[in-house]
Amino acid sequence: TGVQTCALPICEVEMTDQQKKYYQKLKDEMLIQAAGEEVSAVNAAVQMGKLLQLSAGCVYSDTKEVVQFDCSNKLNELLTVIRGASHKTLVACTYQHSITLVQDFLNKHSISNEAIHGGVSASKRATIIDSFQKNPDPSVLILQPQAAAHGITLTAANTVCWYSPTTSAEAYLQLNARVHRAGQRNPCLVDRKSTRLNSSHT
């Protein structure tokens, strides 16, 4: 396709006070207690994963419960991107609990949406994609990169918003390519959200 894709500079969104508090504690001590649940990190790799989850608004506790944090700043920035998009929008969420969080937020603001993640069957995925491509609704499709990065055409959208980051360069490129492919008639935009805690970015 001859259509151009523009990747915007990373948009830094400041964490809420609650996120800052627990992020810093988990970073310094590798252990937090929130909402009656304990979240610990046994090594640096696990710690990084937990910090990335927290920056997106939810984190799995040691007992696999979902602990939710105030991430209103990031959600409001996402809403601005979606409302400013010239066509439909893909929202990339690495974690399934973040997908639920974003869906609830969009429903609250009466924005039609669907989601594809590892728990969605192949037949349901096909139905969602067909509707997204052919019908006015849903206007937003939330995708878990590892579940929807290959072989899907989503040219009804021309904006990709990375609500939460991926550590896989291949998944990043492949998901962006769902909109920038044959059949795309509109310039494409990739918007990446990063949370800021003083001088730290996630």
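Helices α3 and α4 are oblique to each other, a class left over once angles under 35 degrees are taken as roughly parallel, those over 145 as roughly antiparallel and those from 65 to 115 as roughly perpendicular. The model is predicted, with pLDDT of at least 70 needed for local features and 80 or more for side-chain atom pairs, while totals for chains, interfaces and linings use all residues. Residues are numbered from 1 along each chain as its sequence is written, and side-chain values use heavy atoms, with hydrogens and water left out.

Two packed helices are described by the angle and the distance between their axes. For α3 (residues 72-84) and α4 (residues 96-108), the axes come within 11 Å and cross at roughly 60°. Axes here are lines fitted to C-alpha atoms, for helices over the stretch in contact, and angles between N-to-C directions run from 0 to 180 degrees. Helices (H or I, at least four residues) and strands (E, at least two) are DSSP runs, numbered from the N terminus. The crossing of α3 with α4 is right-handed, meaning that the near helix is turned clockwise from the far one by less than a right angle, with anticlockwise giving left-handed. On the α3 side, L75, N76, L78, L79 and I82 meet V102, F105 and L106 of α4, where contact means heavy atoms within 4.5 Å. Seven of the residues in this contact are nonpolar, one is polar and none is charged. Ala, Val, Leu, Ile, Met, Phe, Trp, Tyr, Cys and Pro count as nonpolar, Asp, Glu, Lys and Arg as charged, and the others, Gly among them, as polar.

The axes of α1 (residues 17-29) and α2 (residues 44-56) come within 10 Å and cross at roughly 180°. This angle makes α1 roughly antiparallel to α2. The contact is formed by Q19, Y22, Y23, L26 and K27 of α1 with Q47, K50, L51, L54, S55 and A56 of α2. By class, six nonpolar, three polar and two charged residues take part in the contact of α1 with α2. Within α1, Q19 is buried at 2% relative accessibility; buried means under 20% relative accessible area, exposed over 50%, and partly exposed in between (1.4 Å probe, protein chains only). Leaving aside residues up to four places away in sequence, Q19 touches L54, S55, A56, G57, F69, D70 and C71.

A disulfide is taken as a pair of cysteine sulfur atoms within 2.5 Å, and the count by this rule is zero. For C58, the nearest cysteine sulfur is that of C71, 6.5 Å away. The sulfur of C93 lies 8.6 Å from the closest cysteine sulfur, in C161, too far for a bond. C58 is buried, with a relative accessible area of 1%, and C93 is buried at 0%.

Helix α5 (residues 122-134) contains R125, which is partly exposed with a relative accessible area of 21%. Apart from residues up to four places away in sequence, R125 touches I116, H117, G118, V120 and A147. In the loop between α5 and β9 (140-143) lies P138, joined to D137 by a cis peptide bond with omega of about 5°.

Positive phi values occur in K64, at about 70°, and in S110, near 60°; neither residue is a glycine. K64 is placed in the loop between β5 (58-60) and β6 (66-68) and is exposed at 66% relative accessibility. S110 is in the loop between α4 and β8 (113-116) and is exposed, with a relative accessible area of 70%.
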